[in-house]
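Hi,

Here is the structure you asked about. Have a look at it first, then read on for my notes.

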Amino acid sequence: MRKLHRRIADWFSDEARDLPWRKPDCSPWGILVSEIMLQQTPVVRVLPVWHQWMERWPGPADLAAEPGGEAVRAWGRLGYPRRALRLHAAAAEITARQGGKVPDTYDSLLGLPGVGDYTAAAVASFAYGRRETVVDTNIRRVHARLVTGNALPSQSLTAAEKKLAVSLLPRDDAESVVWNAGVMELGALVCTARSPRCSDCPVLADCAWVRAGRPEPHYVPKGQAWHGTDRQVRGAMMAVLRQAQGPVLRELLLTGPVDLVAPEADAALAPLAALHALAAPAEQLERALDGLLRDGLAETTGSGVQLPA
């Protein structure tokens, strides 16, 4: 076990990406923002938005002072925009009840809106150096191959996987933080879901999956559909609301103007043109808009639909 810990720590020291939320001067707030943004979103898409957020809202009180709709607008096209509302709610909670300081323990972090097991453990570990078991998809995949010999982890986190992760965690606080970050990075860069670069792996000699002959996964992963889905239509509607400087007529979202200019003719109208270029059925447009209103990502006023105030 000590050899595993040391090899991955050494590899991480040499190969870790230079990410701003890993720098010693990054605040716990910056780490919390990064963890929420990185959920189901690649680092390359998160980086520019994270920088913009931290420049505009360097602390939770800065974000809490603005309407939730501004958080949604600044979220851009990261996807799953409810995360922006949850971050805004967390900022308000931290400002009002935590003295403006991001909580420093797993249990207290769990009390923040939108913070679940993974995020609480990750922030406690990476922001405060706590010994917590951090388990994300990358870590689960490394554990599955390295220890159990499976090509992929279970389709959802199991008690056995959690128990394995706990058993692998170094006892020393500082070593546990490096282990969490190192295994996560190994899964992201080397032990990837498709085409793993086994020859670059620091623990190749100990890998149960390689020793077993690299067996095929015990299930076929299913990709998430996008084109033609409600998610695509919701995303296109959100782009319209983010671009708009005021309320948008409901009829424009659901039917569009009779004569819509080409997107290149007027940048302000490009999101609206893109929405109606999807040619979504009327019932899907209604369903998408109702979902945005229900989720608090949009609201109606006497003048139309806008981001939440």
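Leaving aside neighbours within four places in sequence, L189 is in contact (heavy atoms within 4.5 Å) with W11, E15, R17 and R197. L189 lies in helix α11, which covers residues 173-189. Helices here are DSSP runs of H or I with at least four residues, strands are E runs of at least two, and both are numbered from the N terminus. L189 is partly exposed, at 24% relative accessible area. For the cut-offs, buried means under 20% relative accessible area, exposed means over 50%, and partly exposed is in between, using a 1.4 Å probe and protein chains only. The C-alpha atoms of L189 and D10 are separated by 15 Å, and these two residues are 179 apart along the chain.

Before going further, please keep in mind that this is a predicted model: local features need pLDDT of at least 70, side-chain atom pairs count only at pLDDT 80 or more, and totals for chains, interfaces and linings use all residues. Residues are numbered from 1 along each chain as its sequence is written, and side-chain values use heavy atoms, with hydrogens and water left out.

Back to helix α11, where N180 is also found. Is N180 buried or exposed? N180 counts as buried, with 2% relative accessibility. Not counting residues up to four places away in sequence, N180 touches S125, F126, E132, V134, I139 and L169.

Now the whole protein. There are 16 helices and two strands, and 44% of the 309 residues count as buried. The C-alpha trace spans about 65 × 50 × 35 Å along its principal axes. If you take contacts between residues at least 6 apart in sequence, 64% of them join residues at least 24 apart. The accessible surface comes to about 15,600 Å², and carbon and sulfur atoms hold 53% of that. Those areas come from the Shrake-Rupley method with a 1.4 Å probe, and for residues only the protein chains shown count as cover.

Charges next. The protein has 35 positive and 34 negative charges, and their mean positions are 7 Å apart. Lys and Arg count as positive, Asp and Glu as negative, while His and the chain ends are not counted. The place of each charge is taken as NZ of Lys, CZ of Arg, CG of Asp or CD of Glu.

Then there is helix α3, residues 43-56. The expected span is 1.5 Å times one less than the number of residues. Which residues of α3 are buried? They are V43, V46, V49, W50, W53 and M54. Their cover includes α2 (28-37), α4 (60-64), α5 (68-75) and α6 (82-97).

Helix α5 is mostly covered, as seven of its eight residues are buried. Those are G68, G69, E70, A71, V72, A74 and W75. What covers them includes α2, α3, α4, α6 and α13 (230-243). Just after α5, G76 takes a positive phi of about 60°.

A64 sits in helix α4 and is partly exposed at 24% relative accessibility. A64 and H88 are 24 residues apart in sequence, but 6.1 Å apart in space, C-alpha to C-alpha. Apart from neighbours within four places in sequence, A64 is in contact with H88, A91, A92 and T95.

Two loop residues have backbone angles to look at. Most residues other than glycine have a negative phi. Y80, in the loop between α5 and α6, has a positive phi near 45° and is not a glycine. Y80 counts as partly exposed, at 29% relative accessibility. A279 is not a glycine either, and has a positive phi of about 55°. You'll find A279 in the loop between α15 (270-277) and α16 (282-294), and at 62% relative accessibility A279 counts as exposed.

Cheers
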